[in-house]
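Here's a quick tour of a model, from its surface to its core. Have the structure open as you read.

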Amino acid sequence: MQNNVGEVMVYSVGWLYWALLSAVFAALTAIFAKVGIQGVDSDLATLIRTAIIIVVLSAFVAYTGKWANPFELSPKTWLFLGLSGLATGASWVCYFRALKIGDASKVAPVDKLSLVLVALFAFTFLGERPSLREWSGIAMVAGGVLLLAFKR
């Protein structure tokens, strides 16, 4: 039983490890992109970035043995992964255009307003119910975004 408790504890904070890594890579994305898009159309830069992601993820999935027949997925899975892909592509196009004309230190915080929107959408569409403490944190993030985006 002791192992199960330990395993549950590791699993319950395991998401935090990956989320922190995601934040680090997202920060590097903004810096690398800002330097990389100089003298390049932002849409072309997004296409190049996407092509690199496809190659790297294909190699990763093949190397780790995680390949499965995508045609065996349910129509619902295809629909929502497709919608997610379209939203991701639109986000990237908008993000690169914003980086092209704005400061990374202003663009990235506004992009992270997505955290607030995720909380609102999860509440509305997924039935998630953040606590008062969590809503307070979400409100602080929103306030921080406004402070960073509109600094004088």
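Val24, Phe25, Leu28, Ile31 and Phe32 make a nonpolar surface patch of about 500 Å² in this predicted model. One of them, Ile31, is found in helix H1, which covers residues 2–36. Residues three or four places apart on an α-helix point the same way, because there are 3.6 residues a turn.

How exposed is Ile31, and how exposed is Lys112? Here are the two side by side:

| Residue | Relative accessible area | Class |
|---|---|---|
| Ile31 | 48% | partly exposed |
| Lys112 | 41% | partly exposed |

Both values fall between the 20% and 50% cut-offs, so each residue counts as partly exposed. Lys112 is found in the loop between H4 and helix H5 (114–126).

Now for the inside. Nine residues form the largest nonpolar core: Ala30, Ala33, Ile37, Ala45, Tyr95, Phe96, Leu99, Ala104 and Val107. H1, H3 and helix H4 (104–111) are the elements that give it two or more residues, and H3 has the largest share, with three. In soluble globular proteins, nonpolar side chains do tend to be buried together.

On H3, Tyr95, Phe96 and Leu99 are buried. Setting aside neighbours within four places in sequence, Phe96 is in contact with Ala33, Ile37, Ser42, Ala45, Thr46 and Arg49.

Notes: Residues are numbered from 1 along each chain as its sequence is written. This is a predicted model: local features need pLDDT of at least 70, side-chain atom pairs count only at pLDDT 80 or more; totals for chains, interfaces and linings use all residues. Side-chain values use heavy atoms; hydrogens and water are left out. Buried means under 20% relative accessible area, exposed over 50%, partly exposed in between (1.4 Å probe, protein chains only). Helices (H or I, at least four residues) and strands (E, at least two) are DSSP runs, numbered from the N terminus. Patches are made of residues with over 30% relative accessible area and no salt bridge: like charges are joined within 9 Å, nonpolar side chains (Val, Leu, Ile, Met, Phe, Trp, Tyr) within 5 Å. Accessible areas come from the Shrake-Rupley method with a 1.4 Å probe; for residues, only the protein chains shown count as cover. A salt bridge is a side-chain nitrogen of Lys or Arg within 4 Å of a carboxyl oxygen of Asp or Glu. A nonpolar core is a set of buried Ala, Val, Leu, Ile, Met, Phe, Trp, Tyr and Cys residues joined through side-chain atoms within 4.5 Å. Contact means heavy atoms within 4.5 Å.
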